[in-house]
Protein chains: 2
Amino acid sequence: MVKYRTLDGTFGALSDPTRRGIIMHLNKGEASVSELASPYGISMPAISKHLKVLEEAGLIFRQKKGRVHYCRLATAPLGEVDTWLARFRRSHRRVIN
Amino acid sequence: MVKYRTLDGTFGALSDPTRRGIIMHLNKGEASVSELASPYGISMPAISKHLKVLEEAGLIFRQKKGRVHYCRLATAPLGEVDTWLARFRRSHRRVIN
DNA sequence: TTAATACTTAACCATATGGTTAAGTATAGA
DNA sequence: TCTATACTTAACCATATGGTTAAGTATTAA
């Protein structure tokens, strides 16, 4: 799994259910690390690692306000996945074939 | 990485460039294992493992004709990824917001 | 029947992943 | 200033991943 905005990184980041859950949470708006962690029965360090993976994949960015770290979703990598997927879409292939 | 048609499995399978290459190759039509292997400077067992990952993710299926194993693309899991991604699409969010 | 072809499986290796607990850092509040 | 909060980092562990070489299996061709 490579780092910094590659399809490898994005797909790799999305292959974990906790990270997909975090992404879906963030799709509703920004959230603190604690808020993101609350649905999962895992430790803060584990969440911290997941966030690092998501950040390195360019899927989230953070802003620190006081001691709270707020995370937001970056949709660009998802757009790249979408673009990659487009070539396999039925409708698209119907146009080609 | 879990097996047998899960989003985990599909995203995990797609996180490797060799496997994405294979998928793109198969998008043009069925191909033998040797044909799929030829662009990559890795051993046959390595390719065999990649194909196993793709097969367990439900992304390909095989048919044996004599000693040649032909692989074909199964688009259903890609459709599931597409469905998962849909909620993050601009146009979709424009409808919601 | 013997040898070549097209694979897969087994055994192994180094590194990555996803979790843990313990310790460290930065900010807020008493 | 001292303590609690909201994190991150470090060290560790078990298992997964992606590669290798060597060996095994099935089919075709000589």
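User: By a turn of how many degrees can chain A be laid on chain B?
Analyst: In this predicted model, the copies are superposed by least squares on the C-alpha atoms of residues with pLDDT of at least 70 in both. Chain A is laid on chain B with an RMSD of 0.0 Å and a shift of 0.0 Å along the axis. The two copies are thus related as by a two-fold rotation axis. The turn is 180 degrees.

User: What percentage of the contact residues of chain A recur in chain B?
Analyst: Contact is taken as heavy atoms within 4.5 Å. On this basis, 23 residues of chain A touch 23 residues of chain B. The same surface serves both copies, and the share of chain A contact residues that recur in chain B is 100%.

User: Which residues of chain A lose the most area to chain B?
Analyst: Buried area is the accessible area (1.4 Å probe) that two parts lose on being put together, summed over both. Between chain A and chain B it is about 2100 Å², with 66% given by carbon and sulfur atoms. In chain A, three residues together account for 24% of what that side buries, and they are Phe11(A), Arg20(A) and Phe88(A).

User: Which side chain meets Arg20(B) in a salt bridge?
Analyst: A salt bridge requires a side-chain nitrogen of Lys or Arg within 4 Å of a carboxyl oxygen of Asp or Glu. In one with an N to O distance of 2.6 Å, the partner of Arg20(B) is Asp8(A).

User: Which helices of chain A each supply at least two residues of the side that touches chain B?
Analyst: Helices (H or I, at least four residues) and strands (E, at least two) are DSSP runs, numbered from the N terminus. Chain A has six helices and three strands, in the order α-α-β-α-α-β-β-α-α. The helices asked for are helix 1 (7–14), helix 2 (17–26) and helix 5 (76–86).

User: Which residues of helix 2 of chain B are buried?
Analyst: Buried means under 20% relative accessible area (1.4 Å probe, protein chains only). At the start of this helix, a side-chain oxygen of Asp16(B) comes within 2.9 Å of the backbone nitrogen of Thr18(B). The buried residues of helix 2 (residues 17–26) of chain B are Thr18(B), Arg19(B), Arg20(B), Ile22(B), Ile23(B) and Leu26(B).

User: How are residues and chains labelled, and which atoms and pLDDT limits apply?
Analyst: Residues are numbered from 1 along each chain as its sequence is written, while chains are lettered from A and ligands numbered from 1 in the order in which they are written. Side-chain values use heavy atoms, without hydrogens and water, and local features need pLDDT of at least 70, side-chain atom pairs count only at pLDDT 80 or more, and totals for chains, interfaces and linings use all residues.

Key:
Buried means under 20% relative accessible area, exposed over 50%, partly exposed in between (1.4 Å probe, protein chains only). A polar contact is a pair of N or O atoms within 3.5 Å; within protein, one must be able to donate a hydrogen and the other to accept it, and residues adjacent in sequence count only if both atoms are side-chain atoms.
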